[in-house]
Amino acid sequence: MKTNKFILAGALAGALMLTTSCSDSFLEVKNPNGEPLEEYYTTDEHLLEALTAAYDPLHWPDWDGSAYNALNIDAEIMGDDFWVGGNSISDNQHWHKLFNFEGDGNNTLATLWTDFYSGVKRCNDVIKYCGWGGSTEEKLKSYTTQARVLRVYYYNILWHYYGNVPFYLENLEAPYTAPQLTADEIYERLIPELEDIIDSNVLPMRWDDTNAGRVSQAMAYMLYAEMVMYQKDTARYSKALGYMNEIISSGKYDLMPNYADLWKESGEWGIESIFEVNYNDDNAQRDWGTPKSVGGTVLPTLIAPNQWPGGDGWDSGSDGWGFMPLRLETYNMYADNDTRRASTCWDVRGVSYNERYQDTHIWLGKYRPYSDNCKDCPTSKNLNYNNNLRIYRFSETLLNAAELLLQTGGSAGEAAALVSKVRQRAGLDAVASVSIADIIEERHLEFVGEGKRYFDLVRSGFAPTVLVPDQYGYRTNSWTENKKHIPLAQSELDADPSLKPNNY
């Protein structure tokens, strides 16, 4: 259900809170009436503006005016379920380079750095301004805690991709540089922060529909499990398992009975949703000259066929850009009775359209375009589909719990019961016992196109044997351990000579 007005109210705040990258000077923040900050951020209304601005960078990566870097595509192109596609091998060349594990400082996910350090800066602002008062103690605690969770989330993305990054919890002064920490040091800074946030118990396990889109206690639990499992921090596995069990026993979340319903507009913020990035076509302000304004997402346009002739709910003349065609091997890995295949794989074999590079005539169904999903947009429709980006779902809670059970000495039968819930929702038989490899494969089937697979392969140790040259000659290099962290952008290295590049 599209009830989230909170995040979409950020146009004014976003205009007030502009930033640039970590290594550049931040723009001076001013309000429309010219009052000093100490006077402006002293009301609940204005503090809420600042908090809304801290949420805004969640929306930017799909296209921020500089590059297309939808988070699920960024991860999936380094995995084994999709090709990169597009018009040619030079179209969004950084994706093609990273796909083949040959990225460099000029072919990397440069804009994620700028987008999410802007998020970090805005979160720091909220925490600072809330220290000045301006609202009730309860609201100040909530605003501060939401900003702290968001800040960990932004750093988590930077940590996953770049590993060794600058780290700061208070905004920078000239020359606007921060010490670059190693990936392990970043983790050791973030996890105690997240544990403190969780222990404060300020956030609800689930917000009501009016506030859907805010970070919750359950979202913090999922973020914690994701980080602990990626780091292979075995000492914290029991705590992460406890958090998964709290979500399961809370009664606030459950599997949606029909997998296909997850990807409809009516399924957004449904019973299975723990966290989503909200996009909306209604009154969208986003356009070619205003990429960071509120509105929809370009993701369905990016991952759809070019020059569509009409049909399947997408009007004739609709245009896709042909990125991320799904591999035939991905389609074939599903059993015929696995209901996830129909929702995951938009199979248009037999339909004629303008074929682009690496086209297979199979596309990601979860975020595919429908004309109804941008019909209310007053600006460029191909930039403003209302498909929310799913970040954490309850099915992942179950599979996390199953994996952590095995890792902490729990029985394979207990773990199998959790995995079986996911399987039975997909129309498959229950299983009596599972291994870690079984759970990784179940995650593979469940989360195609959601940006989970590549990181699962890396953390589970399967990347060196799975991410290898393919039979088509598209991927000619193999993944190796030094590819875990992608290159830092050359522009950032040039701006801050103290930064050390990754050994990619």
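This is a predicted model: local features need pLDDT of at least 70, side-chain atom pairs count only at pLDDT 80 or more; totals for chains, interfaces and linings use all residues.
Residues are numbered from 1 along each chain as its sequence is written, and side-chain values use heavy atoms, with hydrogens and water left out.

A search of the whole structure finds 31 of them, a salt bridge being a side-chain nitrogen of Lys or Arg within 4 Å of a carboxyl oxygen of Asp or Glu. In one of these, aspartate 233 pairs with arginine 236, and the closest N and O atoms are 2.8 Å apart. Both aspartate 233 and arginine 236 are buried, where buried means under 20% relative accessible area, exposed means over 50%, and partly exposed lies in between (1.4 Å probe, protein chains only).

A further salt bridge joins arginine 425 to glutamate 272, with an N to O distance of 2.8 Å. This pair links distant parts of the chain, 153 residues apart: arginine 425 belongs to helix α15 (residues 412-425), and glutamate 272 to the loop between α10 (237-250) and β1 (273-277). Here and below, helices (H or I, at least four residues) and strands (E, at least two) are DSSP runs, numbered from the N terminus. Arginine 425 is buried, with a relative accessible area of 11%, and glutamate 272 is buried at 1%.

Arginine 340 and glutamate 442 also meet through their side chains in a salt bridge of 2.8 Å, N to O. Arginine 340 is in helix α13 (residues 340-344) and glutamate 442 in helix α16 (residues 436-446), so this contact ties together parts that are 102 residues apart in sequence. Arginine 340 counts as buried at 0% relative accessibility, as does glutamate 442, with a relative accessible area of 4%. Through shared partners, salt bridges join Glu272, Asp338, Arg340, Lys366, Arg393, Arg423, Arg425, Glu442, Glu446 and Glu450 into one network.

Attention now turns to the strands. β1 and β4 run antiparallel and are joined by four bridges; two strands pair if DSSP finds at least two bridges between them. Glutamate 276 stands opposite arginine 390 in β4. Strand β4 (residues 389-393) is mostly covered, with five of its five residues buried.

Strand β4 is also one of the elements around the largest cavity, each supplying at least two residues of the lining; the others are α4 (71-76), α7 (137-162), α9 (217-231), α14 (394-407) and α17 (453-460). On a 1 Å grid over the protein atoms alone, a cavity is a set of points where a 1.4 Å probe fits but cannot get out, and a pocket is an open set with protein on both sides within 12 Å along at least five of seven lines; lining residues have an atom within 4 Å of a point. Grid points are joined across faces, edges and corners, and a volume is the space filled by probe spheres set on the points. The lining of the largest cavity divides into twelve nonpolar, six polar and eight charged residues, where Ala, Val, Leu, Ile, Met, Phe, Trp, Tyr, Cys and Pro count as nonpolar, Asp, Glu, Lys and Arg as charged, and the others, Gly among them, as polar.

The second largest pocket has a volume of about 270 Å³. Its lining has 14 residues, with Ala260, Trp263, Lys264, Gly365 and Tyr370 nearest its centre. The elements that give two or more residues to this lining are α13 and β2 (345-347). Six nonpolar, four polar and four charged residues make up the lining of the second largest pocket.

Two individual residues complete the account. Tryptophan 314, in the loop between α11 (299-302) and α12 (328-332), is buried at 1% relative accessibility. Its C-alpha atom is separated by 8.1 Å from that of aspartate 372, 58 residues apart along the chain. Glutamate 246 lies in helix α10 and is partly exposed, at 36% relative accessibility.
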